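Reader: I have a chain to go through with you, and I would like to start with a single residue. May I show it to you here?

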Amino acid sequence: MAYTQPYVAYGSPAGEGPPQTIRWGEREFWVMPKPASMGDGQSREARSALEKYHASKLPEFKYSKLPKSKKRIRLLQLQSGTTHGPEIHCSLVEADYDNEFHIPTTITGPEKGGNKSAKTTAEEKDGQEMTEEEQEEERKKRLDAVLKNEIPYEALSWHWGSGPEDYMVRITQNDIEYKKRIRKELGLALKYLRLARHPRVLWVDSICIDQRNDDERSQQVQMMSRIYTRSKQVTIWLGEDTDESKLAIDFINNEIMHLNNFDTLCSDKRYSDKWRALMSLMQREWFSRRWVVQEIALANKARLYCGPDSISWKALAVAVELFVEVETATHRLSEIMKKDEKFLHIPGWFDHVSELGASLLVQATGRVFRAQRTPLHENSPENTEEAKELRKQAILREHSIDPLDRRSLLSLEYLVSTLFIFKASEPRDTVYSLLGIARDATPFARSSFQDGDPSLLVLSVMREFLEEKPFVVDYARPYSDVCRDYVEFTIRRKFKLDPVQALDVLCRPWALEPPTGKSIRLANKSDKTEKEKRQRFLWPKRRKHTPWTKKTVKPDWRQHPPGWDKVLWYFPIKDSKDGEKEEDASEKLPKSNAGDPSRDLDHLPSWVALASHAPFTLYPHTGMGYKAGRSNADPLVGQPQDGHRNYSAAQTNAADLDRHTFKFHKRQKCNHYSLYVRGFELDTVVTVLDASQSGNIPKSWLDLGGWNPGDGNAYNNDPPDDLWRTLVADRGRDNRNPPYYYATACKESVQRGGIASGSVNTSDLINNHRNSIVAEFCRRVQAVIWSRHLFMTKRGKLGLARSVQKGDKVCILYGCTVPVIVREAKKKTAQEIIADEDFDDVIESLRFGAREFEEILARKVRYRRKKTEDEEERKRKIQDGKREEELGPTYENQIHEDIKKARKLAISQLERQLGVPPGYIDDGGNHGSGNHGTSSDAGGSQPQDGNQFPQSVDTTKLQAPTTPLMDKKVYYEFKGEAYVHGMMDGEALRIKLYDNLKEVVFELR
């Protein structure tokens, strides 16, 4: 062999003889021993070189559509290579999940129509029923067939970044090479992660999903949990390496994981640099992504890469947990930093480390699921016969997509409201990114159900009885409607568990600021494309040039009836030009703009709590860069926990979800979104003081609270009970009753906290006073008063609220555990405004009806199409010699049977909820009372008198409650929760009773 090849790659080839070769793109390289003179190899700058998009003349890559009716994904085959050279070569292959084991396989069969390995058993055995042993044997054979075509892959997780897509990857398709734009962050990840000798199969969402196809994106989001659960590993790219990152990874692997010397690590100042390096690693941007919560929670195993260095997720999680545990419980690590002269000038190095994204991620992912089985050890060989057999047995035992058979433990409300520190470039992902791991929700994309999918029937008919409610994923939906969807979903779900806490979601910060214009996930599609798509699917083409069209008088759209200007605002219709050909009937249909984000409201309604009001956020600290720090007080309602609440302002008064009381009204032309809830006005704010800055206690607060200093302004007397209890919201650590020593700690804090300067500096007391009791009290005070105002009401009650001014109302809402502040506002020219609102409501009803009508039409089209296909298939089988009785029920009969089963289940659930005996409600939805008469199906359980219920029936559940008073001339701005001393545990209801306060329905905007 003549060695004339000019390319050389340095490595460590095994054995002697001719050098080994590796293929990189279209080139082959020798693998030669690396000379000692080369040192450590490339510089970081050389390793980071990438190919620029504009430097290449290759054609741009274009996606082919994935079939909507099949569970199919694309996978990226990353070709082998090293960090030498800027080019990145890859190809895209399609994988099919359409089998009973939910395993990705190569596409087989005609038109590559999916893997049809499943369900070929009893129906094709001459109609004979199979024994359990035979069925199990057939299932093993089907599994072997699926595993033979399996495509193992890794799911890539990385921080997308916000820079321009100036770089490229080379994608080979049908032997032609194309280019595709990517950002620098992804280019670096692919360059570092590619293997030297083999291709590496990855699922990379920004490349494997056509980001310009909103239907595909919504469909793939629905499959996200399947994609990450079935990947052999989640590969995490943290970014390029630095000296600090290498120090932190070595610190974890070589020292923290060996617990023998852990106490020394936490007390010796020689380790201060390493703890600071670990803190810096925990602050990488990847840990602030919202999608990573789902990606890590669903992973069977995960590994993090930082440049050429890597570490297992398990090792990092252990290090983070130990870091947070030691610092939160003892603050020993902060003491180490104070001992080191380099860091002495910067106080609070590790303050609020438990609120960092890395800490919350480890905490959340450890609590999301309860696994019924344990995965194989991450260092165990996967390709041994023993490992393969264990995996096969596990798959055969599975009853879910998840190979670990995990059960989700956390509600959607808990996930959304506690993970506020994680950010998303698309605000809708605040909710969508967590649907795959919530216990009570599941992502649902309408576009993914086609051709009579039975799953659609189950979701639509049995929605109320599913444990995981379908939550619509639609990036074309206006952001305000997505917020409404989440709020309504949470209220209704919480109502079933604990109705007295159903409205607490209004007080928990969660929503990102609204976007401007369309979702970044959507492509810029023309109206014509969308119109043609809708017309082709739903509306038949109208014949042209028929006699009746010539006799028809075309309407003159330029002559509008009275009030047409109002309609035109909602349904803009362009006048056709003279001489233009007549359009199809669907052209004249008014198109709803409900799905157009560009026509959304100018602002979010006040009842959507913004994440900017959350207690912690990331912001730059002097000398430390970005770090988690407190920005607001903790929510008084606390975190959503089943069976636990901090306060009971409304006592047992549950939220009123009657359709006449609880409702949402979006009035687009009036530019507001209204939520109607029931409650009563308790008090009025008469005095408001300045808000607490950085958790300090202003001297004016002490004066309003009635604490007058003694001789020499010494504050030697004890603080008033109302004052110190208000400063801690009448709760101690873990939201229990405050300890008695808080009064003494309050007195000590005021005396030692620099009150002479105008306020008590609680941060200085925590960091420098060296008194653990005072520090505990001050931390509780900061958690309660930070950025809140102290106010006094007309009844002489002290209170705390974030946004409040004189004249605001203190109200009790049924279903909310704390008082709230609302600001009354009168509608301008009341009569005219009310008329516009009523007209807006009518239009919204029309839009809803139009959407429902389109869905019904689409369902009919799919049903007829599937019915025709079924009839043709049955005719073909009969012609091939099959008997009709062997073919089973027709598609039409099967659908009718499914509907009957779903209706029967719904009726039985309704009978249990109403407390009526079985059979009391007939199949037509009637009950045995009133004008419906007596049902023959009810038998002896029906009452003889049609106007009376049996004694076991709770008739209060069937009676419509009386509608409280509602003033249509006013509305209210929701200003958030409030602490009102002496009104947090039901005392307000006694005042309502004694003072005869009227219940009202508040229109919150």
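Reader: Leaving aside its neighbours within four places in sequence, which residues is serine 206 in contact with?

Author: Serine 206 is in contact with Tyr63, Trp158, Trp160, Lys180, Leu186 and Gln211, where contact means heavy atoms within 4.5 Å. Please note that this is a predicted model, in which local features need pLDDT of at least 70, side-chain atom pairs count only at pLDDT 80 or more, and totals for chains, interfaces and linings use all residues. Residues are numbered from 1 along each chain as its sequence is written, and side-chain values use heavy atoms, with hydrogens and water left out.

Reader: Is serine 206 buried or exposed?

Author: Serine 206 counts as buried because its relative accessibility is 13%. Buried means under 20% relative accessible area, exposed over 50%, and partly exposed in between, with a 1.4 Å probe and protein chains only.

Reader: Which helix does serine 206 lie in?

Author: Serine 206 belongs to helix α4, residues 205–208. Helices (H or I, at least four residues) and strands (E, at least two) are DSSP runs, numbered from the N terminus.

Reader: Let us turn to the whole chain. How many helices and strands does the protein chain have?

Author: The protein chain has 29 helices and 29 strands. Of its 1005 residues, 48% count as buried. Among contacts with a separation of 6 or more, 74% come from residues 24 or more positions apart.

Reader: Next, helix packing. At what angle do α7 and α11 pack?

Author: Helix α7 (residues 243–256) and helix α11 (residues 313–330) pack at about 85°, their axes 10 Å apart. The axes are lines fitted to C-alpha atoms, for helices over the stretch in contact, and angles run from 0 to 180 degrees between N-to-C directions. That angle is why α7 is roughly perpendicular to α11; angles under 35 degrees count as roughly parallel, over 145 as roughly antiparallel, 65 to 115 as roughly perpendicular and the rest as oblique.

Reader: Which residues make that contact of α7 and α11?

Author: Ile252, Asn253 and Ile256 of α7 meet Ala315, Leu316, Ala319 and Leu322 of α11. By class, six residues of this contact are nonpolar, one is polar and none is charged. Here Ala, Val, Leu, Ile, Met, Phe, Trp, Tyr, Cys and Pro count as nonpolar, Asp, Glu, Lys and Arg as charged, and the others, Gly among them, as polar.

Reader: And how do the axes of α24 and α26 cross?

Author: The axes of α24 (residues 741–752) and α26 (residues 772–785) cross at roughly 90° and come within 9 Å. The contact involves residues including Tyr741 and Glu748 of α24, and Phe777 and Arg780 of α26. It has eight nonpolar, one polar and three charged residues.

Reader: What covers the buried residues of α13?

Author: The cover includes α9 (272–282), α10 (292–297), α11 and α15 (412–418). In α13 (residues 357–367), eight of the 11 residues are buried, among them Gly357, Leu360 and Thr365.

Reader: Finally, the strands. Which residues of β25 are buried on each side?

Author: In β25 (residues 798–801), Leu798 and Leu800 are buried on one side, and Gly799 and Ala801 on the other. In a regular strand the side chains alternate between the two faces of the sheet.

Reader: In what sense does β25 pair with β24?

Author: Strand β24 (residues 789–793) pairs with β25 in the antiparallel sense over four bridges; two strands pair if DSSP finds at least two bridges between them. Phenylalanine 791 has glycine 799 as its bridge partner. Four residues separate the two strands of this hairpin, and glycine 796 in the turn has a positive phi of about 80°. Strand β28 (residues 970–980) also runs antiparallel to β25, joined by three bridges, with valine 980 opposite glycine 799.
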